[in-house]
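I am opening this notebook to keep track of what I look up in a structure that is new to me.

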Amino acid sequence: MGPLAGMVLTGVDFRVTCLVAAGIFALLSVVQLHALPARRAADTAGRQGESGDGVLAQWRGILANRPFLLFSGAMVGSYVLSFQVYLALPLEVRRIGGEGEFATAAVALLFAVSGLGTILGQTRVTAWCRTRYEPGQALTRGLAVMGVAFVPLLAATAVPVPASGVGLWLLAALPPTLTALLLAVGTMIAYPFEMDTIVRLSGDRLVATHYGLYNTICGIGITLGNLLTGVALDAAREAGMSALPWIALTALGLACAAGLYGLHRTGRLAAPASRPRPVAA
């Protein structure tokens, strides 16, 4: 619902969007201060005793976890692809449908399809995949679906753009909406197993630090991926090659799926062997 609300508020005034967003974050901060459980001193002492070597040693240990780093790199593609719901897809709608009310409605539609699809389908998709696939298989299939999600947009570039009318509206709205739906399905397949895999590759030690580094790697990947996607969109318009961005994004998804398949087949997504720990006398 966030993108839909943001569109409505920005239609009023961008400053209103900023103030409402800031107010929501302030409210959530107050709620968390009251709702989060207190951290007990015994928990803190236990964690310090377990880690022992300090923050720098912990980070060195995580950076030496090669399967975790390879997994993080392969999963960057999933975030780059999923973020195109907010970048490439709205731009494509407006490229074909113009800047009027229809384009605004079409963008709202793809946001709604993406969000509602996840709300309605996540638990069902997760349960279905859990009974049929190993985590590595589910991750591979999820990334493959996300790559294939851009095929409708690629196919649409072969259709001449009508000057106006229903044909123009359908071409502007349907392929991006179908892509948004397939991206949501791919995310639903991969996301729960992604979280489990991070915990497993951490060896159940310093899990939060692994999550932090994972999100940092993915954040850098999203920044670079969106930058390159923007360059591809501009280059495609200037060269008259509208299929270029969708070919690149499809290739990215399939390449990341192949990387995850390789990690799964070689056993690198399995839990690391437990290291012996000193036991107090």
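Predicted model: local features only at pLDDT ≥ 70, side-chain atom pairs only at ≥ 80, totals over all residues.

I looked up C18 first, and at 38% relative accessibility C18 counts as partly exposed, where partly exposed lies between buried, under 20% relative accessible area, and exposed, over 50%, with a 1.4 Å probe and protein chains only. I then turned to C256, which is in no disulfide, the nearest cysteine sulfur being that of C218, 10 Å away; a disulfide here is a pair of cysteine sulfur atoms within 2.5 Å. C256 is buried, with a relative accessible area of 10%, and the structure as a whole holds zero disulfides.

Residues are numbered from 1 along each chain as its sequence is written, and side-chain values use heavy atoms, with hydrogens and water left out.

Next I looked at the whole chain, and I found 12 helices and zero strands, both taken as DSSP runs numbered from the N terminus (helices H or I, at least four residues; strands E, at least two). The C-alpha atoms fill a box of roughly 80 × 45 × 35 Å along the principal axes, and 35% of the 281 residues count as buried. Among contacts between residues at least 6 apart in sequence, 81% join residues at least 24 apart, a contact being heavy atoms within 4.5 Å.

I then followed helix α8, residues 135-148, whose 14 residues should span 20 Å at 1.5 Å a residue, and its end C-alpha atoms are 20 Å apart, which agrees; the expected span is 1.5 Å times one less than the number of residues. Which residues of α8 are buried? I listed G136, A138, L139, T140, G142, L143, M146 and G147, and these buried residues pack against α5 (66-82), α10 (166-201) and α12 (244-265).

P175 is buried, with a relative accessible area of 12%, and, not counting residues up to four places away in sequence, P175 touches P152, L153, A156 and L170.
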